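Visitor: I have a structure open and some time to go through it. Can you walk me through what stands out?
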Amino acid sequence: FLKLGVIDEQDGRFRLIEKTLDESYFNSPDSIFISARPLKIMDITGDGVPEILIFANKGRYGANLHVLRYLNTEIKEISVIDNFIYPTYTFFDQNKDGVLEIKVVGEKPCAYSALLPECQNMPTEGIFKYDVKDDVFNPI
């Protein structure tokens, strides 16, 4: 498991807030074997508050992206993108609205025989956009 800890000052005292991601270990934004840049802190929802991006792995097929937010003493997981094989993640503002889209490009899933027969329905790429109303990244 991975444990994320945020230390925050409240009323002159420091407090540790923790969130556990079960069955995970660090990976990287391009799914390489050696973890590099497994944690990013950046505003991808356009609200001026940076999100916590964790590139984690459950043991096979590359990195999953966990998007978390720390706000008002709570760590909330707002999205997990985990249905791609050895994905590479790219962040960009396609329509210049201040909200970053997440482009995911993965390998061909049927090349890995362990995934048969469900590999036929697995995507090889996608773009995810933040939905303010539902507070989640959805495929577009």
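**Surface and charges**

Guide: F14 is exposed, since its relative accessible area is 66%. Bear in mind that this is a predicted model.

Visitor: Where is F14 found?

Guide: F14 sits in strand β2, which covers residues 13–21.

Visitor: Switching to charges. How many salt bridges does the structure hold?

Guide: The structure holds six salt bridges. One of them is between the side chains of D135 and R69, at 2.9 Å from N to O. D135 lies in the loop between β10 (125–131) and β11 (136–139), and R69 lies in strand β6 (residues 64–71), so the pair ties together parts that are 66 residues apart in sequence.

Visitor: Are those two side chains buried or exposed, starting with D135?

Guide: D135 is buried, with a relative accessible area of 15%. R69 is buried as well, at 9%.

Visitor: What else forms a salt bridge with D135?

Guide: K76 does, and the closest N and O atoms are 2.9 Å apart. K76 is in strand β7 (residues 74–81) while D135 is in the loop between β10 and β11, so this pair ties together parts 59 residues apart in sequence. K76 counts as partly exposed, with 37% relative accessibility.

Visitor: Which residues are linked in that network of salt bridges?

Guide: The network links E51, R69, K76 and D135.

Visitor: And what forms a salt bridge with K129?

Guide: That is D97, with 2.6 Å between the closest N and O atoms. The pair links distant parts of the chain, 32 residues apart: K129 is in strand β10, and D97 is in the loop between β8 (88–92) and β9 (101–105). K129 is buried, with a relative accessible area of 18%, whereas D97 is partly exposed at 40%.

Visitor: Back to D135. What do β10 and β11 form around it?

Guide: β10 and β11 form a hairpin with four residues between them. D135 is in the turn and has a positive phi of about 55°. The two strands run antiparallel and are joined by four bridges. D131 stands opposite V136 in β11.

Visitor: How many bridges join β9 to β10?

Guide: Four bridges join β9 to β10, and these strands run antiparallel. V104 has G126 in β10 as its bridge partner.

Visitor: New topic, the inside. Which residues touch the most other members in the largest nonpolar core?

Guide: The largest nonpolar core has 18 residues, and those that touch the most other members are I44, L65, I81, Y89, F91, I102 and F137. The elements giving two or more residues to this core are β5 (51–57), β6, β7, β8, β9 and β10.

Visitor: What does F91 touch, not counting residues up to four places away in sequence?

Guide: On that count, F91 touches M42, I44, L53, F55, L65, L100, E101 and I102.

Terms used
Residues numbered from 1 in each chain as written. Predicted model: local features only at pLDDT ≥ 70, side-chain atom pairs only at ≥ 80, totals over all residues. Heavy atoms only, no water. Salt bridge = Lys/Arg side-chain N within 4 Å of Asp/Glu carboxyl O. Buried < 20%, exposed > 50% of the residue type's maximum accessible area, 1.4 Å probe, protein only. Core = buried A, V, L, I, M, F, W, Y, C linked by side-chain atoms within 4.5 Å. Contact = heavy atoms within 4.5 Å. Pairing = 2+ DSSP bridges.
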